[in-house]
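These are my notebook entries on one structure.

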Amino acid sequence: MKVVFLGPPGAGKGTQAVRLCREEGITHMSTGEMLREAVKAGSEVGLKAKSYMDSGALVPDEVVIEIIEEKLNQTGWEESCLFDGFPRTVAQARALEEMLKSHGSALDHVIYLETSPEVAVERLGGRLTCRNCGANFHIRNMPPRRAGVCDECGGELCQRDDDRPESVQNRLKVYEAQTADLINYYVKKGLLRRVSGDLQADQVYTKVREALGL
Ligand code: AMP
């Protein structure tokens, strides 16, 4: 199964993707996570990406396409793979289609987590992210067992730079301007499945599984 998770920042793509991949043994490909790792490592890609990410802008298509291409040239994803936060533009969607085709593969489903701006802003404003492993929590909806400490690895929890109010507003605008077109693109391909991202995380998860026929 090859799946894309689509939706605005704050839709819960990462939360749902981590759980589904863990329970079903699916390879998780999050471009946001890969880019944050690159920034942390100070690599060439990280240096190119950092200023875009901090302001809430999209990193140029060629940079993210290259990152995904590298991952697809490695093995382990062929059976089942979930793309989280990629594609974000129609150009990326076309590139993904070509890359998968060259590996004899294709997308099966695109899950669109339809989420209202109010819910997205509330989620991003209260999100806590582990500096070490990248796991996400929420100050009210999904608090860690110990304040400020990651349940998964014991790392320190912090607010992502791009979850600060100035960046959040920009990310939502960028989503509307650059990513919303993807919905029509995937409707036309007959791949889009809509799930309300406004529900509580467990309810969204049940609906995502249903939409995937699991
Ligand atoms: P995310 O963790 O998916 O919210 O991504 C965090 C940031 O990484 C985004 O605001 C973008 O700056 C960048 N990013 C992640 N995925 C992509 C992508 N597919 N295309 C362009 N920029 C991306």
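**Entry 1: the pocket.** I began with the second largest pocket, whose lining has 20 residues, with Arg36, Val39, Lys40, Arg160 and Asp161 nearest its centre. On a 1 Å grid over the protein atoms alone, a pocket is an open set of points where a 1.4 Å probe fits, with protein on both sides within 12 Å along at least five of seven lines; lining residues have an atom within 4 Å of a point. The model is predicted: local features need pLDDT of at least 70 and side-chain atom pairs count only at pLDDT 80 or more, while totals for chains, interfaces and linings use all residues. Residues are numbered from 1 along each chain as its sequence is written, and side-chain values use heavy atoms, with hydrogens and water left out.

I noted a volume of about 490 Å³ for the second largest pocket, a volume being the space filled by probe spheres set on the points, which are joined across faces, edges and corners. Helix 2 (31–41), helix 3 (44–55) and strand 5 each give at least two residues to this lining; the largest share, 5 residues, is from helix 2. Helices (H or I, at least four residues) and strands (E, at least two) are DSSP runs, numbered from the N terminus. By type, I recorded 5 nonpolar, 4 polar and 11 charged lining residues. Here Asp, Glu, Lys and Arg are charged; Ala, Val, Leu, Ile, Met, Phe, Trp, Tyr, Cys and Pro are nonpolar; the others, Gly among them, are polar.

Entry 2: I then turned to an open, antiparallel sheet of 3 strands in the order 6-5-7. Strand 6 (136–138) and strand 7 (157–158) are at the edges with a single partner strand each, so one side of each has no neighbour in the sheet. Strand 5 (residues 127–130) pairs with strand 7 over 2 bridges; pairing requires at least two bridges found by DSSP. Opposite Cys158 in strand 7 I found Thr129.

**Entry 3: the cysteines.** Which cysteine sulfur is closest to that of Cys158? It belongs to Cys130, 7.9 Å away, too far for a bond, since a disulfide needs two cysteine sulfur atoms within 2.5 Å. Cys158 is buried at 16% relative accessibility, whereas Cys133 is partly exposed at 34% (buried is under 20% relative accessible area, exposed over 50%, partly exposed in between; 1.4 Å probe, protein chains only). Cys133 lies in the loop between strand 5 and strand 6. Beyond its neighbours within four places in sequence, Cys133 contacts Glu33, Cys150, Glu152 and Cys153 (heavy atoms within 4.5 Å).
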